[in-house]
Every structure is written in C-alpha cells, then in structure tokens.
Amino acid sequence: MGNKLIVTAAPHITSGDSTQKIMGRVCLALCPTLVASIIVFGINSLILTAITVAACVFFEWAYCKLMKREVPIADLSATVTGILLAFNLPATMPWWMAIVGAFIAIVIIKQLFGGLGYNFANPAIVGRIALAMGFTSRMASYPLKGVDALASATPLAVSGELGSGEYVTLLLGNHGGVLGETCAITILLGGIYLIATKVISPMIPVTYLGTVAVLSLIAGKDPVVQLLSGGLMLGAFFMATDYVTSPTTDKGKLIFGIGLGVITCAIRFFGTMNEGVSFAILLMNLVVPYIDALTRQDKLGIAKKKKEAAAK
Amino acid sequence: MSKFLKRSAHGAQVPHEKRTSNQETVKMPLPSKIVLSMGQHIGAPAAPAVAKGDQVYVGTVVGKAGGFVSSDIHSGVSGTVDSIITITAPNGAPQTAVVIIPDGEQKVDPAVVPPTVTDLKSFQDAVRASGLVGLGGAGFPTAVKLAPKNLDEIDTLVINGAECEPYITSDNRCFLEDTQYILDGIQAVMKYLEIPKCIIGIEANKPEAIAKMKSAASAGIEVKELPCRYPQGAEKVLIENCTGREVPFPGLPSDVGVVVMNVTSVAFVGKYLATGMPLTTKRLTVDGDVIKEPKNVEVIIGTPVQELMEFCGGFTEEPGKVLYGGPMMGNCIADLSQPIMKNNNAVLAFSKKMAQLPKATNCIHCGRCTNACPLGLSAKEIVQAYNDGNVELLIELNADLCMSCGTCSFVCPAKRPLAPSIALAKIMMKNGGKK
C-alpha cells in the first residue's frame, strides 16, 4: 500500500479559470454588437460572421491536422478571431474575400508563427489590413439598409458635415461602416462586461480613448465624434486588449494606450486615410516586446535597495 | 496610483476550504511508535543522542543540535529506542531518524522544569533548549531568529497569523484556544528583546480570532486585519502590509527593524516559559476530500501519517495525493509511513481526481502571473528565459527572489506549471547556466 501516491511539485490546486472560459467571455461580450449589426445592416451580417468564424476554425483545425499538432479549436481563440474579423468587414463583402481574410489571419499570422500565444500581431487586424489593401473598393463601400449611397460613407469621411445632433446616430450605430464598428453602445456594454469579469484591464481602453479625446480637443475636432466613429471603440475594447499582442504590466498598458491614441489621431488628422485604428494597433503590436522589457514592475525589496544605494 | 503602477501584486483569490475552523483541537492517543527525523528544521541536521535500547521519557533530548543554525529534537513519549534508521525526507534526501516504541506510561523526564529566565541571554538559551523552530512551515530555528545582529534597531514584532493556505485552520485554533500563551509569548519576546511594538496580522476570514485577539491585546500590541488574498502570510508580504516596509533583497526582516514569528511559535514560547516542556507535540489540521473525519488534532511529533489518518476515520476512497502542509506550498509525501514533523501544520489527502492537475496549454500572455506575483516578478518571462538557458536575463528578472508561493501557477488560465519551472530556473542560476 501507499506506494501509489502521486508526487508533484506545488501548488496542487489551480484557479477555475481557463483559456477557453476567457475566450468564451470575449465571444459573449461581442454578441450584443453582433445583434446591433444585424439590425443595422441586415441578416447579411450574421451570415458573414458565421462564414468567417467557420473559416477561421476550419483553417486552425486543418493546419494543425496537416502539421500533426494537437488541434486547439476548443480554446475558442479561432472563434474570437473569426468574429472580430467579420466585425471589420462591410456587410456586402463577398464571402470568398472574407474567407481569404480568415486564411491570412489564422494560417499566416497565427499558425505560421507557432499558434496561440506566438503571433506578433493581432490576426484579425492583419486580416482586415490585408483585405483593405487587396480589395480597397470593396472594403470601403459601406452600404446601409434603406439609406442612400451618399450617406453611407463612414462618418469619419464626412465628419466635417456632422453636427452634434448626430451623436445619437453614432451611439446607436445607424450609419455606414463595417459590421462591428458602428454601434458604440453595444461595444461599450461588451467592454464593461469584460472589465467586470476581469478578462481585460481598463487601462488600455481608457488611456487609448482618453488620448484620442485630448488630441481631438487640441486639434479642434469634436472629440465625441472622434471617439464614437470609425473602429475606435471596437479597437480599444476588443482588438488592442488582445493579450498576446499587448503589454503585460499596467505601466506598459499605459504607454501602449497613449501610443495607440497618438498614432490613430496622426493618421486621422494628417493622413489620407479616414481610419487609423487598425494601423495604430498593428504598429503598436510590433513594439510590445520593447514596451514589456522597459516597463517591468518594481520587485519587492529590489527597487528600494537601488534607491537607497543611489541616495548614499 | 503610483503604487499601482509600481507593482500590481494582486495575489490570488484561493478557495478558503476552512471547514475545520470551528473544530476544537482533539488530542490523538499514543501511536504505536514515533519516528523522529533528525532534519526537522532549516540548517544542519541534529545528531542522535540516544542508542538502541535506551530508555527515554517525555521531553528527553533524542537529537542534539548539529550547529548554531540547528535544533535539538525531543521525545514526545516515554519508552525505548527501538532503532536508528534512515528514512527518505519529503525533499527526497536520506535522513537519519530515531524510532521509539512508547511504553504507555508517558513519564516526564525529570529535566523538564520551567526555565529560569532573567535577561536576553537566558531567554535565548531557553528558546534554544526548547527545540522550537518556525512552526508556520519554514522550520527556521527560532533561537537564531531571536538573536538578530542589529538587536537595537528592531522596533516591531510581527506575529504571522495570516494562515493564507486553503484548508489549514490550526493557527485559527491556536488563536482561540491558546490566547493566553500567545500573549505571554509576545510579552516575553517584547520584554527581553526590548521591542516596543507588536502587530498581529490575521486574514479577515478568521473573524473570531480577530475579535478574540483584539479584546485580549495589551499595550503595544495591535491586531491587523489582512485582506483575504494569498499569500498574505508570506514573510515579506506580511511585513509590507503590516509596517509598510520593504525587506531588501538579499536581506532579512531584521534589516528593516522587524522580527516575524508565527502565532503557533510565539504561543509555544509562552507555554514553554510556563511549563518547560520542549516541543514534542503539534496541532495540525487533517483535511482533504478523502478524509472521513476532518479535524484539528494535537499529535505527538514523530507519529506516522498512517496512524494519524486512522485516527481521523481513514479514507473514504483511495487517496491520490497526500500533502504535508497546504495545497499551495505543501510537499507531497510518497508513502504514509512518513512521520509528522515539527513544522507540519496540516496533513491533507486528496482523491485521485483532485490530484490530477489539468494539462498545460500555450501561454496566452494574459499577464495574470505577473500581475498576481506578490513580489512583482514576471513568471512568464522567467520561464521563457529558463527554457532559453538565458542566465543573464534570469539575473535581470531577479528569478532568485521567487519564494515559490505558487501564486503564478494557480492563476494561470493555461494551467502552466510556472512555479516549479521557476524553482528549476533558480537552480540553473546557482549552477551558472547548467540545467
């Protein structure tokens, strides 16, 4: 007897949370925005989302099978990428283009670099950028159910003509844009849910949105319009907070958020593009390793010693 | 905000599982034998002071301290030395042990008399003779701890009653059952070491203990309610939360004018000064999902785990894992013949189902390990540096500061065994880069 006891290193218990549960909560947080997009853009939104999710999960499954790796689709990370990718596409996007986007996101950006946790940039963001580069006109046509073609441009393209009376439109998302960007209220709802369930820290969205608001005021633009239009809300709460491609510490997140805000405003105010969020996130993704290395926490007993030594 | 940006140190919200907290301590009857390991403390092992066939009594010295940082070991039974054997210590190393068969009479050694304590020196000698080691789990000889080099700079005695590990309630019972001994012990330490202030830190999940100590506390003694965040009981964390001081690394609590003692240790000091009976018994929590009757037991040191389990009604099903100590930092034992040691505060037995840890998956860089680490270390970076064999980075990341509290592993959603990997990283640092 007795010789069959298991011997392992401590700790012997783990928390109830898991990667799958975290990703599940992100999916749940995206649901209100999906509903809003169906209301604003019609049933095509749902079909497009279903296609990108199915494509992302399929590519993840197929690649891992092909490479004889364990298939990780149960962790729901490919599902999240699929939903986010769809949210970055206009409702009229041809299905095959969406599938190309899913391939770029999952196979090229995620799996070729080693799978979950090893991608250097947010897969959905790169998928969006690749499609925007390859199929520019398709990605920039924002049809809106029952609205004439002129009004269907993204509000940022015509922001000069928008009065404060348009705030409600921006909040409800009843304007041109891609699926998941238009309804600020549902994005905010999902974001608050993620913060409340401790999936994300409020640091990145708050500093990102705060920086954009301040810079808009300085540049003489309407900060409310800047905050509520384009991909900013979706980007701030769901794309910039991706664990793998954002800094770890609060200090790092602060710098990351400010950097995102500065780049976004620079592109919006001085660039030829209407939209700066996806490029801001991509650029900041690339410097995350440096931010991480420069923003480590003060370790207990070590920082103090240095300070004391400096004082002496 | 500034502290917030400095170090999040969230700790972990571990389950409490303190279902034995209201169970009054019961005395376990004499075991059929006791096995006294000569290595029940940090430092040099003791040397057996008895030979086969010798008659011993309750309180007889069985093992003589092997140096300054060491401790005497006393018999908890009267009886005959059966043999001197080699056992496998929980860390896997061989250790000498004295086996004693009780005669059932429990005759007390005539040498056991209350010590005469008049000054610091005689107090330190008494503590040394008592065989006391840190009972919170570390097992550091208390006499050494009570002889800091900078004695005149020590201004605060911190009593560790956090008991942040799940399941364990023996310190809670100590607060409730040995209140007077705790106060006597604290007052003695404060008097002879001339420490003006004492802070008793207790986690908020022990309201009865907090209330009892608050009403009992005399002048200079403050009771501090600590948040229920593991690891409140880690020495450096406790000192920071009680006094606001950061113990430098490398360094000791005495460097910031603090001496820390576990509540059970200080209660023992109080009891020893009154009775002169050395450390031969220990209160411990027996719990876990396969223990039939979880309880707090006062057990004679050296009692085989098997007999303790039988006293608690045995197992409801075959155990998968049996631990000395709590589930966060406790050590697995390989078989039930292992004896209870001085620094044990719990024996936990878990089913095979609970014993299996979930499979590790890819790191998603969520940063929970970093933001939870009470010391501000970045577990994921340390483990990466270890895997890469990058000793320079390990030094930069201060991997050797890690105290293996297990918080990083606990919070990891990918279930990665971060704490054990960091333990290996520390060994690699010591070996200058060899795994």
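Predicted model: local features only at pLDDT ≥ 70, side-chain atom pairs only at ≥ 80, totals over all residues.
Local features in it need pLDDT of at least 70, side-chain atom pairs count only at pLDDT 80 or more, and totals for chains, interfaces and linings use all residues. Residues are numbered from 1 along each chain as its sequence is written, chains are lettered from A in the order in which they are written, and side-chain values use heavy atoms, with hydrogens and water left out.

The interior comes first. In soluble globular proteins, nonpolar side chains tend to be buried together. A nonpolar core is here a set of buried Ala, Val, Leu, Ile, Met, Phe, Trp, Tyr and Cys residues joined through side-chain atoms within 4.5 Å. Buried means under 20% relative accessible area, exposed over 50%, and partly exposed in between, with a 1.4 Å probe and protein chains only. The largest nonpolar core has 66 residues, and the members that touch the most others are Leu30(A), Tyr208(A), Phe238(A), Phe256(A) and Leu260(A). Helix 1 of chain A (residues 19-41) gives the most to this core, with nine residues; helices (H or I, at least four residues) are DSSP runs, numbered from the N terminus. Another core lies apart from it and has 54 residues, including Ala126(B), Val133(B), Ala143(B) and Met190(B).

Contact means heavy atoms within 4.5 Å.

The two chains meet where 47 residues of chain A are in contact with 70 residues of chain B. About 4,900 Å² is buried between them, and carbon and sulfur atoms give 56% of this; buried area is the accessible area (1.4 Å probe) that two parts lose on being put together, summed over both. Across the interface, 26 residue pairs are in polar contact, both residues being at pLDDT 80 or more. A polar contact is a pair of N or O atoms within 3.5 Å; within protein, one must be able to donate a hydrogen and the other to accept it, and residues adjacent in sequence count only if both atoms are side-chain atoms. On the side of chain A that touches chain B, helix 1, helix 12 (250-270) and helix 14 (302-311) of chain A each supply at least two residues. Helix 12 of chain A gives the largest share, four residues.

Side chains of opposite charge can pair when their charged atoms come close. A salt bridge is a side-chain nitrogen of Lys or Arg within 4 Å of a carboxyl oxygen of Asp or Glu. The structure holds 21 salt bridges over all chains, and the count between chain A and chain B is four. Arg296(A) meets Glu381(B) in a salt bridge at 2.9 Å, N to O, and Glu396(B) in another at 3.0 Å. Because Arg296(A) lies in the loop between helix 13 (277-294) and helix 14 of chain A, and Glu396(B) in helix 13 (residues 391-396) of chain B, the latter pair joins two chains. Arg296(A) counts as buried, at 17% relative accessibility.

Within chain B, Lys145(B) forms a salt bridge with Glu235(B), the closest N and O atoms being 3.9 Å apart. This pair links distant parts of the chain, 90 residues apart. Finally, Lys6(B), Arg7(B), Glu240(B) and Glu246(B) are linked in a network of salt bridges.
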